[in-house]
Structures are given as C-alpha cells and as structure tokens.
Amino acid sequence: MATVAFENVTKLFPGGDKAAVDQLDLSIEDGEFLVLVGPSGCGKSTSLRMLAGLEDVDRGSITIGGKDVTEFEPKDRDIAMVFQNYALYPHMTVGENMGFGLRIAGEDKSEIKRRVQDAAKILDLTDYLDRKPKALSGGQRQRVAMGRAIVRKPQVFLMDEPLSNLDAKLRVQTRAQISALQRRLGTTTVYVTHDQVEAMTMGDRVAVLKDGVLQQCDTPRRMYEHPDNVFVAGFIGSPAMNLLELPLVDGGVSFGGDIVPVPRASVAGIGESTVTLGVRPEDLEITTGSHRGLEVTIDVIEELGADAYVYGQADVNGKKQPIVVRADGRIPPRRGEVITLSYAAERTHLFSTVTGERLVD
C-alpha cells in the first residue's frame, strides 16, 4: 500500500491545441479508494494511464509511496491495472490467467498456486479455476481480471472503467463487490468511470475533471451538498441539479412570485444583474392553493414506484428554462398540467452566471 501524488502534471498530445490533462494536482492517501469521474474526453483515463506509465508526462511529476516514478517503466511501478475489456488470454484457464504475472516474474510454482487459490477464494472463483474465459459470464471474467491484480499484491490498484461492459443489474452487484474487496484488502485504488452514480457509491473521495482540469475533489456527500461550481453541480446527482439563471432584486433572487433571500455580502461587487440558482429535484415541492412560487408546465413524467420525476418548462423573465422535481409516485401530477413549485431556502445554491463559481459557502 502507498500514497499517490500528481504534482502539476500536464499531458499534451501531438496536434492538440490544448492539454489533455492540465496541471493536475491531486494527492491520494494510503488505502484510499479515489474515483476519477467526468464526461468523455475530460482526461480521466489519460491521468490513469500516466500513473500506470502507459503515457508519458510532459510536465510535472508522479509519486507512489513517496518515490518519484515519473520516468519509471510500468513494470517498475508496483501497480496492477484492471482494464475495461478484461484483457484475459483465451487459451489459458482462469487459474493460469490469474497467475500469469507471477509466472513471468519468476515466482515459485507452489507460491503461485497458493496465491491464486487465496484470490479465488476471496472472489468466489474456486470452482472456475480450470475453465477457459469463454465459459464464463461477463461478471465472472471481470472477477478473474480482479484476481490477476490481487495475486500480485501491488502498492496500487488502477481500474479503467471495469464495469462498462456489464448490464445494469450486474454493474450494481459488481461495484458492491469491488468496494467490499478494496476495503478488505486496504490497497490504494484509483478508479476511472464516466458514471457519476458509480463514483458517488464507490469512492472515499471523488475527483471531477472537465477539459483536463480538476474541478473539485471531495467526499461524495460534501460534493453533493457543496459543489464548487456550476459544472460539478450539474454533473453530480441523478437527475441533475436544476440550474436557473434568475435576476437579482432587493433582498435576494426572484424565484417566480417569491424571493430567495441572499446575503448581501455574497453578491456585493460581482457586477452581475443575474445569478445562477441551483436547487436539486428533491428540494422542490409542488404547492397547492394560492402559494407563490415558480410555475412549471409539465412535459414528461417518469414514474418509478414510490417516486416520480416531473420534467417541465418554467418561464423565467420571458425565457423557457427546463426544470425537474421529485414528486410522490403514488399521486403524480399529469402531463400538460401547470404546477407551482416552492423551495427549501437552506438547500439552494448560488453561482456566478459569468464564472460559474460558487457565491455562498
């Protein structure tokens, strides 16, 4: 086990007009499960590959266990990587696949057998050691790939979207197994995914990247409740946070027929006539009677049993803005209906319309 640190790491690909990874500073604690997440092309896989030694670092340095490994070959970094496509040898049995790295390293046959059997027991693969990969399901193949990493006892596990080839139900099961396994082994793990739900449910901390730049690194709960900017606010959470551009008025922000109170100090000197108000679907409430609030015309209703998600359009200063609210699934409103929404003031978020940065801490 070991700490990992990216120090001002930058990666430029030939012909690119901007850095794929731009001055990444990130420290990962010993035994921590850190998830790198972001949209396609944000630099998360490139960051992982630089840590593995599969991509060169153009500027900055990478350390593992306090040792600078920036110029080390992959085999000298004491890491084990689990790939998206499993990368199993089809002509080898499960046991041979799991022990292949040890055999190449010259380990004794009895030691290889012991480690493979120990890993197979942990991963519930003991009955499959003599089978070929083609005789296994996708989830079993992924566990074999995990087993191949475990038997090496590396300082760091690296996982590049290992669940993306699995169906939805199996993804949920396997991510729980990976999380439990990592906590049992206590090995420092860096995990890449584009799925923010996966990131939030697995990571001790989550690092969000956009266009090669680190946006925020925090615990899942802190990131959900206190996003640093508009991008993180809109990316983390399912459905995403509602982000509405609203006018500043005396006493706060105009929200339909209501006023969201805003501390004067938080907007003083920003030089903007509008701010971006963020509010999550569960923090909006459909009101009845003559309550003031934001009127929304319903377009789509997703019924999920106990809950329903209502998607609609709100008229804000003559401009249509999309909005989603969580409603009681037992008595959902109807499509085409006009509803009025109120809000939980203590759970709103304010961002600069110009910079996207958070205004209120």
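**Close-up views of a predicted model**

**Figure 1. Packing around helix α2.** Within α2, which spans residues 94–104, the buried positions are V94, G95, N97, M98, G99 and L102. After the helix comes G106, a residue with a positive phi, near 85°.

**Figure 2. The whole chain, for orientation.** The protein chain contains nine helices and 20 strands, and its C-alpha atoms fill a box of roughly 80 × 50 × 35 Å along the principal axes. Of the 361 residues, 49% are buried, and among contacts with a separation of 6 or more, 66% are between residues 24 or more positions apart. The accessible surface comes to about 17,600 Å², with 47% of this area belonging to carbon and sulfur atoms.

Figure 3. Salt bridges link E107, E111, R114, R115 and D118 into a network. One of its pairs joins the side chains of R114 and D118, with N and O 3.1 Å apart. These two residues are four positions apart in α3, so about one helical turn separates them.

Figure 4. The structure holds 16 salt bridges, including one between K11 and E55, whose closest N and O atoms are 3.9 Å apart. Because K11 belongs to strand β1 (residues 4–11) while E55 sits in the loop between α1 and β4, the pair ties together parts that are 44 residues apart in sequence. K11 counts as buried, at 7% relative accessibility. A second salt bridge joins R205 and E32, at 2.5 Å from N to O; here strand β9 (residues 205–210), which holds R205, is linked to the loop between β2 (21–28) and β3 (33–37), which holds E32, across 173 residues. E32 is buried as well, with a relative accessible area of 8%.

Figure 5. D58 lies in the loop between α1 (44–52) and β4 (59–64) and is partly exposed, at 38% relative accessibility.

Conventions
Residues are numbered from 1 along each chain as its sequence is written. This is a predicted model: local features need pLDDT of at least 70, side-chain atom pairs count only at pLDDT 80 or more; totals for chains, interfaces and linings use all residues. Side-chain values use heavy atoms; hydrogens and water are left out. Buried means under 20% relative accessible area, exposed over 50%, partly exposed in between (1.4 Å probe, protein chains only). Contact means heavy atoms within 4.5 Å. Accessible areas come from the Shrake-Rupley method with a 1.4 Å probe; for residues, only the protein chains shown count as cover. A salt bridge is a side-chain nitrogen of Lys or Arg within 4 Å of a carboxyl oxygen of Asp or Glu.
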